[in-house]
Number of protein chains: 2
Amino acid sequence: MSLNQRTVKQWSLPDLADGCARAGVRGVGLWRAPVQEYGVAAAARLVRDAGLRVTSLCRGGFFTALDPAERAAALDDNRAAIEEAAALGTDTLVLVSGGLPTGSRDLPGARERIADALGELGPYAAERGVRLAIEPLHPMFAADRCVVSTLAQALDLAERFPVEQVGVVVDTYHLWWDDTVGAQIERAGEGVDRAGEGSGGVGKEPGGGARSRIAAFQLADWITPLPEGVLLGRGQLGDGSVDLRWFRERVEAAGYRGPIEVEIFNPALWAREGAEVLAEIVDRFRAHVG
Amino acid sequence: MSLNQRTVKQWSLPDLADGCARAGVRGVGLWRAPVQEYGVAAAARLVRDAGLRVTSLCRGGFFTALDPAERAAALDDNRAAIEEAAALGTDTLVLVSGGLPTGSRDLPGARERIADALGELGPYAAERGVRLAIEPLHPMFAADRCVVSTLAQALDLAERFPVEQVGVVVDTYHLWWDDTVGAQIERAGEGVDRAGEGSGGVGKEPGGGARSRIAAFQLADWITPLPEGVLLGRGQLGDGSVDLRWFRERVEAAGYRGPIEVEIFNPALWAREGAEVLAEIVDRFRAHVG
């Protein structure tokens, strides 16, 4: 189990490193803004000294701009994100690919601009030991955050590029409703060495088998009613509609052996004491996932 | 163009009949609660006298209960809805199929209970000249309203039954984000007589060709941010991200010749004068759909 930093937004980076170490959690998913604020090199040292592995960096992406200057700025920013990921020692940069530009209704065009950006950034990332991880976001975010809404679409994109350059994120919150997600998880693992030598991440010392397209596996539960803006309505593990264990079994059957990251955006969790929240997550993880 | 009653919730049924007649709109989609309140026979007479056709009745469904008594009550209620549809002279009963029962995470089981209900109600409906129309709802409603989230799923269900018993609803608000929806609309029209003899509805005097699975075609635009609860955030035609004309062209290419119903749930429209809202919709329809 890995803890995504945003799940305990109330914690500073030192609090996070300390809290995870105390709770016996060995991995953390980090976000660019708090890492930049603390200093990338200092953050890398902090988590390393606490014995933690950085399982992913959130987030690159936002590739759908039509304006050439905006587009160039997005690519520059993604190169910086790749360098930050490498400095933190993680092999996974999570991408939120971008929604429709203002006034546009052209979903296929936006998706093609994402493919163009992946083609441009993929080699740059792989040279630094980082894989770009396309995260399909729930369809309710298609207009304003991410025009990639299903695992099938994410794989259609990823498969146009070498497996060490581009992978996908399986996040239960975004994908739980989809009756094709089991088949698509299987597709993501095609050709992977199921004996366990294949790695979920690209790693620095790759195993023997072919690699899964699954670069990251993230957990949150689905609860209703959704709050205004729908971004901060994710549920604590076990509180909602998602069969989390089913997902874990599916990604494992597809050869995924990487970390399982808990990523919950919920103001009710942020209002509580971080250590208490983390202890609850560890309990819930045992009950509903492990 | 047909106007769904909920789009102008501020109007009473007589206001609606009068307003549509004045605006030259010839079809209305009705809802059970206001029709029952007015009286079903009286409502049927009112709209007929105003020269209006009832293009659909909303809504039946909610088939996913696990409790036998609850399930029997739902089937009874749907038989009543079928009779109301027949009395109003519409051939289409729109179904909101139901979400997950409290505490359940079993999506496939819920979907199978929907199929069971369709099998039970389909002949009862067809005998009365009414077709059950499965409406796939946006995946953000999967937990609490409808576990049928895509047109592919709706067709998978519908195709298990005769075409005169069970069809599907294509609603742009629910389906716009899906990159497979074009292919699925085509699938819905397979075997339909494209010369125009096939009918979108089952009709009382069927045309020559085979019938489309598309029982209704509804329009609303997608706008953000979504409001709390996400139910009442639909956009006026042209205000959002949906390529409405693309949808119209696709359903027509699939042989659909039925009404195009405008169904927008939005408190900002309800706060305005009904006739003004309808005039705006007619303008927007011309600009973005017609």
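**Reading helix pairs and a pocket**

Tutor: Start with helix α4 (residues 68-88) of chain B and helix α5 (residues 107-127) of chain B: their axes come within 11 Å and cross at roughly 35 degrees. Keep in mind that this is a predicted model.

Student: Is the crossing of α4(B) and α5(B) left-handed or right-handed?
Tutor: α4(B) passes α5(B) in a right-handed crossing.

Student: Which residues make the contact?
Tutor: From α4(B) come B:Arg71, B:Leu75, B:Asn78, B:Arg79, B:Ile82 and B:Glu83. From α5(B) come B:Arg113, B:Asp116, B:Ala117, B:Glu120, B:Leu121, B:Tyr124 and B:Ala125. Sorted by class, the contact of α4(B) with α5(B) holds six nonpolar, one polar and six charged residues.

Student: How do α6(B) and α8(B) lie to each other?
Tutor: Look at the angle and the distance. The axes of helix α6 (residues 151-158) of chain B and α8(B) cross at roughly 20 degrees and come within 9 Å. Angles under 35 degrees count as roughly parallel, so α6(B) is roughly parallel to α8(B). Their crossing is left-handed.

Student: What makes that contact?
Tutor: On α6(B), B:Leu151, B:Ala152, B:Leu155 and B:Asp156. On α8(B), B:Val181, B:Gln184, B:Ile185, B:Arg187 and B:Ala188. The classes are six nonpolar, one polar and two charged.

Student: And at what angle do α8(B) and α9(B) pack?
Tutor: Helix α8 (residues 181-188) of chain B packs on helix α9 (residues 244-253) of chain B at about 30 degrees, with the axes 8 Å apart. That angle makes α8(B) roughly parallel to α9(B). α8(B) passes α9(B) in a right-handed crossing.

Student: Which residues of α8(B) and α9(B) are in contact?
Tutor: α8(B) gives B:Val181, B:Gly182 and B:Ile185. α9(B) gives B:Trp246, B:Phe247, B:Arg250 and B:Val251. This contact has five nonpolar, one polar and one charged residues. Notice B:Val181 and B:Ile185: they touch α9(B), and they are also in the contact with α6(B).

Student: Which residues are closest to its centre?
Tutor: The lining has 20 residues, and B:Leu100, B:Pro101, B:Thr102, B:Gly103 and B:Ala143 are the closest to the centre. By class, the lining of the largest pocket divides into eight nonpolar, nine polar and three charged residues.

How values were computed. Residues are numbered from 1 along each chain as its sequence is written. Chains are lettered from A and ligands numbered from 1 in the order in which they are written. This is a predicted model: local features need pLDDT of at least 70, side-chain atom pairs count only at pLDDT 80 or more; totals for chains, interfaces and linings use all residues. Side-chain values use heavy atoms; hydrogens and water are left out. Axes are lines fitted to C-alpha atoms, for helices over the stretch in contact, and angles run from 0 to 180 degrees between N-to-C directions. Helices (H or I, at least four residues) and strands (E, at least two) are DSSP runs, numbered from the N terminus. Angles under 35 degrees count as roughly parallel, over 145 as roughly antiparallel, 65 to 115 as roughly perpendicular and the rest as oblique. A crossing is left-handed if the near helix is turned anticlockwise from the far one by less than a right angle, and right-handed if clockwise. Contact means heavy atoms within 4.5 Å. Ala, Val, Leu, Ile, Met, Phe, Trp, Tyr, Cys and Pro count as nonpolar, Asp, Glu, Lys and Arg as charged, and the others, Gly among them, as polar. On a 1 Å grid over the protein atoms alone, a cavity is a set of points where a 1.4 Å probe fits but cannot get out, and a pocket is an open set with protein on both sides within 12 Å along at least five of seven lines; lining residues have an atom within 4 Å of a point.
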